[in-house]
Amino acid sequence: MKIPTPREIKELLDEHVIGHDEVKKVLAVAVHNHYRRLEARFEKKSKDDEFADVEIEKSNILLIGPTGTGKTLLAKTLAKMLGVPYAIGDATVLTQAGYVGEDVENLVRYLYQNAGEDVNLTQCGIIYVDEIDKIASKTDNVSITRDVSGEGVQQALLKIVEGTVCRIPPKGGRKHPDQEYVEIDTRNILFICGGAFVGLDKIVAERTGKHTIGFGGAEPEKKEVTLLNRDVRPEDLVKFGLIPEFTGRLPIIATMGELTEDELVRVLTEPKNALVKQYKKLLAMDNVKLEFEPDALRELAKMALKRKTGARGLRAEMEKLMTDIMYEAPGNPKLRKVTVTEKMIKEMLEK
C-alpha cells in the first residue's frame, strides 16, 4: 500500500474529526512512521546503507481525554483511511488467562476476524483498547479482585502490545487442547490505548507545582485539566496505577481536551458523515428537505456540554429530536420541508 505522508493523514483526519489539531499531528506522524517501519522490513538493503543494521522500534500510542472527545473515532478513521483491519476492545472486560471474562488474546482474534481471517493482513492492523485507565492498579485498594482486572490484565496486555505470538482458535470460541490454532505475531500490530484518566491532572500538578485554580474544593477548569495533562510523563502514569513496563510500551502520549460549544456545532455539520448530513440524506430519500436553524444546532451542543457527554452525546440528543419527524415525514405528501428550530428542540428534548 502507498503510505500517505503525515500531512496527508492529518488532512484526511480533518475531514472526519473536528478539533484536536495537535493530537492529529502527533497521530499522523506516529502512524506514518509505523507503516514506513513495516515497509522498511521488506526493502532490499544496500551495502552502502549506513542504517542497514538499525532496527526501528514500534511506538504504540496512548490517548488521554474525557468521554466523547473522539478517541475511538480517531483510531477507527486511521484504520479505514489506511485500508488496514482494526479491532476495538474495552479494557474493563478483560481478565488474565484462567479467569472468567474476556481473555486479552480475544483482541487479536477480533482483528483476525475483521481481516477476513488473513494472517498477514492481521499482523499489520490496528487495535484500539478503550478505558485503559480503569485497569490501573490502585495501591490504596489492593485486593485479589482488583488484581484480576488491574495489574494482572496489564501484564497480560503487555505481552501482546510489545510483541508475542498469539495462538487463537480459527473459528472463535473457547480454546481446546486438541484443536488447531492460528498463530498471529503481534510485533507489528499498532496498539492505540485510550482513557479518561480522571485525577491524573492532580498527579501532574503535584510533580510540576502547577496547581489548578479552585476555591473551597471547587472543580478546576476543564481547560486547566487539559493543559496539565499535556505535561504527562511516564512516571505520572505509574503513580496513577499503570505498571512501568506497560507505560514503557506506550511512548507516544497525546492529550485531548473536551470539545467546546463551537466545536460541537461543527461536529454536527462539517464532517463527511456529520449527523445533520445523515438525517438530511434520510429525509431526502422521501423527498423531504430538512433544515436546521443555527440556534437549534447551538442548543443541541449546549445540551451535550451540560450532560458532559461530548460528541457521543450529540447522537443521543439527535435521535430523540428526530424520532417524531422521522415518524411523520415518510409517505406524507403534505410534508415537503422540515425546519428544526431552537424552540422545537427545547420542547421535544424536555418531554
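Predicted model: local features only at pLDDT ≥ 70, side-chain atom pairs only at ≥ 80, totals over all residues.
Select helix 12, residues 261-269, where Leu 264, Val 265, Val 267 and Leu 268 are buried (under 20% relative accessible area with a 1.4 Å probe, protein chains only; helices are DSSP runs of H or I, at least four residues, numbered from the N terminus). Look down the axis of helix 12: the buried residues fall within an arc of 155°, so they line one face (the arc is that of directions from the helix axis to the C-beta atoms).

Residues are numbered from 1 along each chain as its sequence is written, and side-chain values use heavy atoms, without hydrogens and water.

Next, select Leu 157. Leaving aside residues up to four places away in sequence, Leu 157 touches Leu 94, Val 104, Leu 107, Ile 132, Ile 135 and Phe 246 (contact means heavy atoms within 4.5 Å). Leu 157 is one of the residues with the most contacts inside the largest nonpolar core, which has 41 residues (a set of buried Ala, Val, Leu, Ile, Met, Phe, Trp, Tyr and Cys residues joined through side-chain atoms within 4.5 Å). Helix 7 (residues 151-162) gives this core its largest share, six residues. A second, separate core has 29 residues, including Tyr 279, Leu 283, Met 318 and Ile 345.

Terms used: Buried < 20%, exposed > 50% of the residue type's maximum accessible area, 1.4 Å probe, protein only. Helix = DSSP H or I, 4+ residues; strand = E, 2+ residues; numbered from the N terminus.
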